[in-house]
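Please look at the model below. The questions after it ask what the terms used for it rest on.

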There are 2 protein chains.
Amino acid sequence: MAGSSGEEELKLLGTWPSPFVARVELALVLKGLTYEYVKEDLASKSGLLLASNPVHQMVPVLIHNGNAVCESRVILEYIDEAFPDAGDALLPADPYRCAVARFWAAYIDDKFVASWMPALRGKTEEERAEGMKQILTAAEALEGALGGNPFFGGRAAGLVDVVLGGLIPLVRATEVLTGAAIFDAARTPLLAAWADRFGQLDAAGEVLPDVDGMVEYMKMREAAADAAAKAAAN
Amino acid sequence: MAGSSGEEELKLLGTWPSPFVARVELALVLKGLTYEYVKEDLASKSGLLLASNPVHQMVPVLIHNGNAVCESRVILEYIDEAFPDAGDALLPADPYRCAVARFWAAYIDDKFVASWMPALRGKTEEERAEGMKQILTAAEALEGALGGNPFFGGRAAGLVDVVLGGLIPLVRATEVLTGAAIFDAARTPLLAAWADRFGQLDAAGEVLPDVDGMVEYMKMREAAADAAAKAAAN
């Protein structure tokens, strides 16, 4: 994986198992770029993180030759533009196809991801059911967007693929924990096949946390949130 | 304003007085592009709107030679890429400066705009105060982002300028209605001067609704929301 980044210094501030960090790593690996992964402890953020992302103080941050780029979807476009000769482009050259990709990448964060907290941590059973319904509705919309293509990017993985691909472990772990079928072979067969296809990419094998680890992490988070809620109620 | 769009057909589905529609119009006017404005009634959406934006069913939608582009920030980037020879570029060519512009454009929607509903329609006084605090915090962050430049885009208005510029009437009207100083000459002098400077652009004069109209519209919306809440409580 050396070479294509030449004299460039690329540092990724991340934390396990963030889907937002994973999507950036997927892009870096797909493009064959060499980078240094710097593990952040979000309970005790480093001076580098606070200086690099003073506004949100969140990972991922990509630092390229000293310039810090924040927000995962902004980082993905940056990688594409700053390294035009590395690997396949994440975004198509055609402005309309590019707009369609940006639309769906935003949709994934605004509708699919945004429904996770209500689905898992909603206060009432109704709220949680409504959250899961929103997730399934978003999955159906994504099924339509994918259509008959192997990837959202067409013949190769692009922006929408890495944005959604980084979420695959969260989806699988949520399916295990709730019993819901999100990438459902019956309801959304194209999306279910896409998830299998994406998961078989070398980059996915290299980057994505395994589902068992994700399940344990989510159980731990649930337990911590329950304990905090209990303590606050006392 | 003719000429630069040549044989192109540009149709903008919009509604008055949407800041999201206004930012697209600002970009079209700044770039000197000719377009047809199609007024949508959101209480009775047209077949064209439903067919053009089946996912969100919202304005703005820009239809370019039959291709529909949705979501205001996606539309802005599309305009820049589809009409590279029309007017100044909204986004800088340098990938890092481009990433910084995208970061702040997203910030405006995620932090500044997102605090409006809590600030105006929060259920408790505390919720409303917290919403206004978030708005002012975001304004201070934007002050820092602007720095000593006349525009966020540098010497000319760019992506961040039209995104925030479309919100100026909403900001002014909110200042009138709540008494809060948002673009405050004391707290955020650079941002306050920017708003005056942006407001003096020909494009702003052509596109932005006047503040009195915006105030009346917001009062009407408030009254309608209060009536709906009262009806629901009975």
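**How the two chains meet**

Chain A and chain B meet through the same surface, because 100% of the interface residues of chain A are also interface residues in chain B. This is a predicted model: local features need pLDDT of at least 70, side-chain atom pairs count only at pLDDT 80 or more, and totals for chains, interfaces and linings use all residues. Residues are numbered from 1 along each chain as its sequence is written, chains are lettered from A and ligands numbered from 1 in the order in which they are written, and side-chain values use heavy atoms, with hydrogens and water left out.

Q: How many residues of chain A are in contact with chain B?
A: Contact means heavy atoms within 4.5 Å. By that rule, 23 residues of chain A are in contact with 23 residues of chain B.

Q: What area is buried between chain A and chain B?
A: Buried area is the accessible area (1.4 Å probe) that two parts lose on being put together, summed over both. For chain A and chain B this is about 2000 Å², and carbon and sulfur atoms give 72% of that area. In chain A, Y96(A), R102(A) and F103(A) lose the most area to chain B, together 29% of what that side buries.

Q: Why is the pair of R102(B) and E77(A) called a salt bridge?
A: The term asks for a side-chain nitrogen of Lys or Arg within 4 Å of a carboxyl oxygen of Asp or Glu. In R102(B) and E77(A) the closest N and O atoms are 3.3 Å apart, and the pair forms a salt bridge. Across the interface of chain A and chain B the rule finds four salt bridges.

Q: Why is E175(A) called buried?
A: Buried means under 20% relative accessible area, exposed over 50%, and partly exposed in between (1.4 Å probe, protein chains only). E175(A) has 18% relative accessibility, so E175(A) counts as buried. Among the residues that E175(A) touches, not counting those up to four places away in sequence, are A180(A) and F183(A).
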